Amino acid sequence: VQLVESGGGLVQAGGSLRLSCVASGNIFGINDMAWYRQAPGKQRELVASITRGGVTNYADSVLGRFTVSRDNAKNTMYLQMNSLEPEDTAVYSCNADVLHSPNYEFNYWGQGTQVTVSS
């Protein structure tokens with residue numbers, strides 16, 4: 001299974017970006033999916049998560065600015081990021097609990113996409 005992120009880039013403060021994460025390979029289904037980020041010199045942190053049924057959870061720092069969603073038919077997760085701040089600058093990575101069969105789940109990571117917000 002591969003998780004491939006896209007949509008990162010350079011944006012001015014106050015701007016928006018939309019990240020995508022596409023899962024491909026031997027996939028029976030996908031349970032929880034999540035976005036993480038890691039800024040230089042900082043620990044990786046959870047940004048947002050979404051269950052297969054669409055229940056979402058957000059870090060306090062992005063609540064009200066970021067929206068996570070998914071399309072189960074396309075094995076894809078999105079992160080709409082609005083009102084971006086320089087503090088949002090980080091590598092954003094996708095994480096997913098992938099079912100290879102009804103009873104076998106494995107956790108996967110994408111390679112990440114860089115988001116840079118200039119002041």
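**Basis.** I worked from a predicted model, in which local features need pLDDT of at least 70, side-chain atom pairs count only at pLDDT 80 or more, and totals for chains, interfaces and linings use all residues. Residues are numbered from 1 along each chain as its sequence is written, and side-chain values use heavy atoms, with hydrogens and water left out.

**Sheet.** I took strands as DSSP runs (E, at least two residues), numbered from the N terminus, and counted two strands as paired if DSSP finds at least two bridges between them. I found an open sheet of four strands in the order S1-S3-S8-S7, with antiparallel pairing. S1 (2-6) and S7 are the edge strands, each with a single partner, so one side of each has no neighbour in the sheet. The twist averages 15° from one strand to the next; axes are lines fitted to C-alpha atoms, and angles run from 0 to 180 degrees between N-to-C directions. S3 and S8 pair over six bridges, and Leu19 stands opposite Leu79 in S8.

**Hairpin.** I then looked up S9 and S10, which form a hairpin with two residues between them. Their pairing is antiparallel, over six bridges, and Asp97 stands opposite Asn107 in S10.

**Core.** I used buried for under 20% relative accessible area, exposed for over 50% and partly exposed for in between (1.4 Å probe, protein chains only). A nonpolar core is a set of buried Ala, Val, Leu, Ile, Met, Phe, Trp, Tyr and Cys residues joined through side-chain atoms within 4.5 Å. The largest one has 30 residues, and Trp35, Leu79, Met81 and Tyr92 have the most contacts inside it. S9 gives the most to this core, with five residues. I listed the contacts of Leu79 (heavy atoms within 4.5 Å): among them are Leu19, Trp35, Val47, Phe66 and Tyr92, not counting residues up to four places away in sequence.

**Salt bridges.** My criterion was a side-chain nitrogen of Lys or Arg within 4 Å of a carboxyl oxygen of Asp or Glu. The count is four. Arg37 pairs with Glu45 at 2.6 Å between the closest N and O atoms and with Asp88 at 3.0 Å. Asp88 lies in the loop between S8 and S9 and Arg37 in S4, so this pair ties together parts 51 residues apart in sequence. Arg37 is buried at 6%, whereas Glu45 is partly exposed at 33%. Arg65 and Glu85 meet at 3.9 Å, N to O. I noted that Arg37, Glu45, Arg65, Glu85 and Asp88 are linked in a network of salt bridges.
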